[in-house]
Amino acid sequence: MSFTKSLLAIALALAALDAGAQTSVEQKLDALQQEIDRLKAEVSRLRAEQPLHADAAAKPPAAAGAATSVFGYGEMNYNRYRDADRTSKADLRRFVFGFGHNFNDRLSFSSEVEFEHGVVSSTDRGEAEIEQAYLNYQVSDRLNVKGGLFLIPLGLLNETHEPPTYYGVERNEVETRIIPSTWRELGVGVHGFATQGLKYDVGVTTGFNAGKLDDPAFGIRSAHQEGQLADARDLSVYGALNYTAPGLLLGGGLFTGNTGQNGQANALLKGVAAKLTLWDLHARYSVRGWDLQALYARGTLGDADRINAALLASSATPFAAPRSLEGWYGQAAYHLWRSGDFDFAPFVRLEGFRIRQQEDAANGLLQDPSNFERVRTIGFNFRIHPQVVIKSDYQRYSTDRSKDRFNVGLGYMF
Amino acid sequence: MRPLDLRLWTPLAAACAAAPAHATQYLSVEQAQRVLFPTADAFAPASLAGLRAWAASRSGALLGHVLVDEVVGKHELITYAVAIGTDGAIRGVEILDYREPRGGEVRDPRWRAQFIGKRRGAPLSLDEDIQNISGATLSCRHVTEGVRRLLEIYTRSKGP
């Protein structure tokens, strides 16, 4: 009896257990299904959030700052003159490296160190120089504040001067003799986008020093101070506006200030203003494989007669000081062949410049006729990578034919 | 000479105070999604060849996808988003983060508009069908290459 009861109880218990087990398994399956769904969603969410590249994932977010970058550019050129009396040369023209550092999202440092002509020593011709070293604080897109040694925003070449970015082995004459590229000053400036595509840059900087003029063939270039114990009694101001749209750049810049520097470099210039004003207008347009570019630059230097007097009294080889500068060029290039990274683009450039000097015939200070020149350049840029270029061209000078030359160059930037 | 009037500093101080907290972020992923598919009511994470991708839909109907990726400008990463419609054509490109001191012109909507309507097979090559912006060449080139790559991966994973 008790055995039967026991069996019944066990059977009932088993049945109950069985029923309980069934619900429990179903519940468990449901729970598992829910869990799987939840995990699936989580995995795809994580996958979506994960950066594409493992190396990008390993890299700390740039917003965290403390990023230092190293970069460089350079060029090696060969100039062979048609006139055998002129010295043909091969030159490691520039070897430049630079450091950039982001202290945080807003504050950054940029610099460029340049070596020219391969070897620098007291008995060699090379130069070592700091081309840029400035700090920039970004308040917003509309407003940045910079301070230090920075490039003056005149012309097309001065701020963007890496060899793969311009046509021709040698930089054009106008942006060498009229706008003294690579032209930098110590100072402060504010810059940003005023509106969409319109960039402004204005500031106060060191200026030129009329007491240091020594080569009128390069206009006022020899009077620039490059942040080297710059005489800074007279400061200069600059302003530039550039408008960009896809394929188009239109802009201009103005730089003005006195250059007498209270006679710090030449006592005879004490009290002489010798005001320099230099401005330019430029345009670049790219359409259907064409790169078209044009620039006009003009400058005046006041008190050229007083500068002449100072030169006569102090220089063993006095010359007529420049009183006005003018230059222009037009350039057309066509991307004839492109394949992968290769880009072969022939170009032509016509340019002209006039450096008018303050004559003083009584003292033998005369205009140098070769400072009125026209140059025709024809050649090609062959980029074997967007940042590496092989260039070659032929240049023909109208006034001084002995300058006619054939050039080959190799340039890079990274 | 008069002492410098310190009130001259007021506009600068005001500008600093008004500046956003992150100088480099222009759009969050969520903001970019809404800009690229303004009519969508849902963005679901999508599994798409390992890309950071979201499917944009409206009332359950798929409108397209938003892909987010990064390329190097000159030295810093540029985070950008590409929207591709169900027809395989680009609906838009947005720059989310731009960290370089120069070259910010890639954010110009007129530059980015050049990508709209492009499909797989378009050259998507700088100076060919995408015009460069002077002063921002490297950023323009690398974003263009990035968009081409995303479009290629996307169309391959979705079939022709």
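The legends below accompany close-up views of a predicted model.

**View 1. The elements of chain B, in order.** Let's start with the overall layout of this chain. Chain B has four helices and five strands. Read from the N terminus, these elements follow the order α-α-β-β-β-β-β-α-α. Of the 160 residues in chain B, 46% are buried. Among contacts in this chain with a separation of 6 or more, 49% are between residues 24 or more positions apart.

**View 2. Helix H2 of chain B and its buried face.** Now look at helix H2, which spans residues 29-36 of chain B. Three names to find here are B:Ala32, B:Gln33 and B:Leu36, which are buried. Viewed down the axis of H2(B), the buried residues fall within an arc of 105°, so they line one face of the helix. What lies over them? The cover over the buried residues of H2(B) includes strands E1 (42-48), E2 (51-58), E3 (61-72), E4 (77-85) and E5 (90-98) of chain B.

**View 3. A glycine in a loop of chain A.** Here we move to A:Gly227, in the loop that runs between strand E7 (198-206) and strand E8 (235-245) of chain A. Is A:Gly227 buried or exposed? A:Gly227 is buried, because 20 other C-beta atoms lie within 10 Å, and 20 or more is what counts as buried.

**View 4. The contacts of A:Gly227.** Setting aside neighbours within four places in sequence, A:Gly227 is in contact with A:Ile130, A:Leu149, A:Arg184 and A:Leu186. Take A:Ile130 as an example: A:Ile130 and A:Gly227 are 97 residues apart in sequence, and their C-alpha atoms are 8.6 Å apart in space.

How values were computed
Residues are numbered from 1 along each chain as its sequence is written. Chains are lettered from A and ligands numbered from 1 in the order in which they are written. This is a predicted model: local features need pLDDT of at least 70, side-chain atom pairs count only at pLDDT 80 or more; totals for chains, interfaces and linings use all residues. A residue is buried if 20 or more other C-beta atoms lie within 10 Å of its own, exposed if 12 or fewer, and partly exposed in between; C-beta atoms are placed from the backbone. Helices (H or I, at least four residues) and strands (E, at least two) are DSSP runs, numbered from the N terminus. The arc is that of the directions from the helix axis to the C-beta atoms. Two residues are in contact if their C-beta atoms, placed from the backbone, lie within 7 Å.
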